[in-house]
Amino acid sequence: MAAEKQRLADDKAGRSDWRHWGPYVSERQWGTVREDYSPDGDAWSYLPHEHARSRAYRWGEDGIAGFSDDRQYLCFSLALWNGRDPLLKERLFGLTNSEGNHGEDVKELYYYLDATPTHSYLKMLYKYPQAEFPYARLLQENQRRGAEQAEFELLDTGLFDDDAYFDVFVEYAKAAADDILIQVSVHNRGAETAPLSLLPQLCCRNIWSWRAPAEKPEKPTLSAAAGGVNIDHAQLGRYRLDCDSDGLGVPTLLFCENETNARRHFEQPAATGFFKDAFHEYVVEGKASAVNPAQTGSKAGALYSLSVPAGGSVRVRLRLARTATGGKSAPPFADFDAIFARRHSEADQFYGDLQREIADADERLVQRQAFAGMIWSKQFFHYDVHKWLDGDTGEPLPPAARKSGRNRDWQNFAAAEVLSMPDKWEYPWFAAWDLAFHCLPLAVIDAEFAKSQLILLTREWYMHPNGQLPAYEWEFSDVNPPVHAWAAFRVFQIDRRQRRDADDGDPSYAGDLVFLERVFQKLLLNFTWWVNRKDEQGRNIFQGGFLGLDNIGCFDRSKPLPTGGFINQADGTSWMAMFCLNMLRIAVELAVHNDVYEDLASKFFEHFLAIAGAINGVGDDSPGLWDETDQFYYDHLRLPDGRNIPLRVHSIVGLIPLFAVQPADLELVAQLPEFTARMAWYLEHRPQLAALISNWHVPGCANRVLLSLLRGHRTKALLRRLLDESGFLSPYGVRALSKRHQREPFRVDVGGTSYEVDYWPGESHSGLFGGNSNWRGPVWMPINYLIIESLEQFHHYYGDDFTVECPTGSGKFLTLKAVADELSRRLTGLFLKGEDGQRPVLKSHPKLATDPHFRDYILFHEYFHGDDGRGLGAAHQTGWTGLVAKLLQPGSGPAEPLPAAKPTAKPALPSEDKP
């Protein structure tokens with residue numbers, strides 16, 4: 001077995017804890033909800049960037065290229081100073097939500113280049129200018145610019161025009177699970193020799209300041225030793241950091257405490273101590289008295305004063321390892337280079353095996369960096385809402401207003417785990433539906449981690465007792481689309497396929513049914529929450545609220561409508577229909593092995609048909625959301641006076657009904673007797689639903705039947721819209737809003753006020769829905785991915801005889817599988833080199849697109865310009881955009897149809913009066 005796969009197997013079996021150490025440190029702990037103890041909930045202002053260097057964090061740590069244990073007791077990160085900056089560069093800088101012309105945004109240049117699932121090898125790049133970092137200019141210029149203008153980025157300052165910058169590569173390689181080799185390589189891209197203060201540093205997360213004296217845990221100790229730092233930590237054990245001095249001179253060891261500078265923040269000018277910002281004062285301000293002369297503390301650094309030659313490089317080596325009794329017997333750097341070379345080779349082997357069917361070298365590069373970004377974005381997330389609201393025993397009580405503020409209803413929430421985050425700066429907190437998308441590409445390389453993440457969000461310390469899944473840190477009660485069941489079953493399938501196809505695999509392996517059952521049982525609660533809370537009229541038409549689609553419609557759906565009333569949502573209703581089919585699919589899989597689940601399969605079958613009937617207007621009391629004239633689904637505004645106004649916006653809201661689709665094999669249906677009998681009864685006694693929604697009685701390709709919100713006619717009608725290049729279809733995927741609204745903005749007048757939607761291909765022109773949020777025209781990876789997968793599902797039923805014009809008006813007809821492949825080609829084309837040798841995602845700046853030291857480092861943005869494909873929003877949100885790694889993986893395919901099952905007796909049909 002290949003070395004990395006063996007490590008994964010050893011970790012799963014409990015033979016070695018290879019995941020104990022990893023890239024679990026955030027790039028931004030400041031400005032987060034967890035650290036906000038303000039009365040008004042203004043997290044950005046309570047602990048801003050300028051306070052971060054000198055205020056101890058309560059719930060976590062941050063740093064550049066951070067690395068820690070999985071409880072974040074001890075963190076390693078990098079600090080730098082070019083001799084000109086006003087600040088020691090210990091963490092990444094960016095603008096807060098109110099400072100930029102498009103909301104919060106990191107203003108740095110960095111890339112995650114490589115990573116293995118066990119973190120046995122990691123590599124990232126940070127680009128640091130040799131001139132003074134332009135903190136004030138970045139702030140002032142972005143504040144000056146209007147919403148119609150582009151953001152002012154670090155490259156726009158001109159500091160990189162003459163290549164006067166450092167490329168700082170940080171690499172980790174594990175000799176063993178608790179023996180970490182660290183290599184920092186600094187390359188001077190400029191024409192002149194340049195000085196650099198390089199400060200690798202250790203920091204013990206502050207777990208002692210927040211308790212009353214009698215409750216305080218033992219404080220960890222970092223202390224100087226010959227050639228490095230000794231670490232004595234009651235929770236973690238004893239470790240040692242060795243610092244290489246070969247050819248660089250002996251580094252200066254610095255020590256202080258990871259505690260708030262009382263002189264700066266507590267109005268205590270006479271306070272004494274060696275505070276968190278001591279290294280800044282020592283290096284930047286030249287205050288030798290700032291650090292502890294006794295060379296002990298809870299924060300330590302090894303200061304290297306480097307002179308990097310023009311066009312040359314220098315290398316610093318360190319080793320962090322658990323210490324055995326008597327210390328190391330061999331010199332710490334004797335085998336360093338050999339281990340590094342071996343781990344890098346093993347990473348190549350791991351991805352070489354994975355990518356053996358990917359012939360194109362550029363596709364392999366993009367996929368490997370996408371996986372790297374997802375692995376690097378794992379973070380330790382610590383947030384106990386009860387303690388956060390009540391305050392700590394050793395600290396002043398929080399303002400009383402907090403008890404009626406954010407997350408007050410989530411006192412069950414108590415997280416202290418490693419989670420997959422959207423990114424490490426802009427979203428250094430989990431988001432429920434983002435995480436669901438993350439798990440698909442993660443499952444390709446590390447199915448056990450993906451499964452553990454999906455289970456975690458359903459645990460009682462995350463899921464609300466009422467069954468709601470927490471949305472994200474800023475407001476757990478917001479509502480995300482219910483995609484957890486979809487992700488769980490897809491991860492189950494990916495894992496099963498991998499284990500069947502492995503060299504030593506079992507072709508009859510049934511899959512991880514324990515995982516599937518655990519998730520399913522908890523999602524029953526979540527489904528009930530949706531039905532009870534989000535169906536205003538009890539008619540199976542849903543009002544999901546926010547659903548992540550900020551800035552796409554007339555109203556902010558996360559708040560009460562200015563018109564009063566509510567919106568019957570085409571997307572909310574369709575997400576619920578999809579949820580039903582996902583739960584049905586899981587129940588059938590489990591019923592193959594346990595007859596009890598046939599009853600639940602029947603329940604979700606019936607509920608799906610009820611929702612499908614409602615959205616399509618079956619029955620006298622439901623107008624439905626389908627517009628026969630426009631051949632499209634619309635939201636309906638339901639006013640307090642009973643009026644029902646269709647909101648005729650051509651957005652992805654009307655395309656999401658495509659996602660509720662499930663083909664099934666007739667052989668399986670016949671082998672689940674109770675389920676088959678109930679279906680037969682229901683379809684016989686509800687013929688309107690069967691005729692309009694389900695192709696259950698008409699076998700299609702490979703003797704399959706189909707459950708879907710759409711029959712063939714409506715499928716083709718939606719696809720005519722979707723594949724229209726003057727509307728939804730862009731060269732790089734499907735736009736969230738049809739481009740027709742650039743020509744014909746939508747307006748609705750209610751109560752004397754006009755509300756408008758028009759097409760914006762790039763950044764938002766309105767701060768109403770959040771400064772950097774814009775679904776109004778751009779291309780988003782997760783929705784595109786679900787469109788592709790849904791088309792493949794339809795193809796499972798219809799086969800090659802069912803074709804549509806693609807693009808609309810071209811005269812070229814393709815099968816649905818070929819359409820899915822075309823959309824996948826357009827999406828992956830965002831990142832791949834075009835005929836001009838440039839990547840569309842990087843065309844926001846010529847240096848990104850063409851410079852040899854930039855053009856092959858990929859940024860995985862939050863979303864993409866609807867017309868030219870430029871990356872927009874969060875620059876490093878590898879999270880759901882990491883789905884590109886899944887699209888590039890041959891043979892991974894969409895969700896499979898319902899599989900063959902165990903033989904059973906022929907079903908007995910129920911009586912007429914007992915469904």
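Select Asp-69 to begin: at 1% relative accessibility, this residue counts as buried (buried is under 20% relative accessible area, exposed over 50% and partly exposed in between, with a 1.4 Å probe and protein chains only). Asp-69 lies in strand E2; helices (H or I, at least four residues) and strands (E, at least two) are DSSP runs numbered from the N terminus. The model is predicted, so local features need pLDDT of at least 70 and side-chain atom pairs count only at pLDDT 80 or more, while totals for chains, interfaces and linings use all residues. Residues are numbered from 1 along each chain as its sequence is written, and side-chain values use heavy atoms, with hydrogens and water left out.

Stay on Asp-69 and show its surroundings. Leaving aside neighbours within four places in sequence, Asp-69 is in contact with His-20, Trp-21, Tyr-24, Leu-74 and Leu-236, where contact means heavy atoms within 4.5 Å.

Select E1, E2, E3, E10, E16 and E14. These 6 strands form an open sheet in the order E1-E2-E3-E10-E16-E14, with antiparallel pairing; two strands pair if DSSP finds at least two bridges between them. At the edges are strand E1 (21-22) and strand E14 (252-256), each of which pairs on one side only. Strand E1 runs antiparallel to strand E2 (residues 64-69), and 2 bridges join them.

Another open sheet has 9 strands, in the order E6-E7-E8-E9-E17-E13-E12-E11-E15, and its pairing is antiparallel. Strand E6 (109-115) and strand E15 (296-297) are the edge strands and pair on one side only. Now select helix H8 (residues 361-376), which packs on this sheet and touches E6, strand E7 (121-129) and strand E8 (165-176). The direction of H8 makes about 100° with that of E6; axes are lines fitted to C-alpha atoms, for helices over the stretch in contact, and angles run from 0 to 180 degrees between N-to-C directions.

Move to strand E13 (residues 237-243) and strand E17 (residues 313-322), which pair in the antiparallel sense over 5 bridges. Cys-243 stands opposite Leu-318 in E17.

**Cysteines**

A disulfide is a pair of cysteine sulfur atoms within 2.5 Å, and by this rule the count comes to 0 disulfides. Select Cys-203 together with Cys-75: the sulfur of Cys-75 is the closest cysteine sulfur to that of Cys-203, but at 5.9 Å it is too far for a bond. Cys-203 is buried, with a relative accessible area of 11%. Cys-439 is also buried, at 0%.

**Pocket and cavities**

On a 1 Å grid over the protein atoms alone, a cavity is a set of points where a 1.4 Å probe fits but cannot get out; a pocket is an open set with protein on both sides within 12 Å along at least five of seven lines, and lining residues have an atom within 4 Å of a point. Grid points are joined across faces, edges and corners, and a volume is the space filled by probe spheres set on the points.

The largest pocket has a volume of about 1,300 Å³. Centre the view on Lys-5, Val-444, Gln-498, Arg-499 and Ala-502, which are the closest to its centre of the 32 residues that line it. Helix H1 (3-13), helix H7 (336-354), helix H10 (432-445), helix H11 (447-456) and helix H12 (484-501) each supply at least two residues of this lining. H12 gives the most, with 6 residues.

There are 9 cavities of 30 Å³ or more. The largest cavity holds about 200 Å³ of space. Of its 17 lining residues, select Ile-552, Gly-553, Cys-554, Arg-557 and Asp-635, which lie nearest its centre.

**Loop residues**

Select His-876, in the loop between strand E34 (871-872) and helix H24 (878-881). His-876 is buried, with a relative accessible area of 7%. Not counting residues up to four places away in sequence, His-876 touches Val-106, Tyr-110, Pro-422, Asp-423, Leu-859 and Phe-860.

Asn-407 is not a glycine but has a positive phi of about 60°, and is buried at 2% relative accessible area.

Finish at Cys-806 and Pro-807, joined by a cis peptide bond with omega about -10°.
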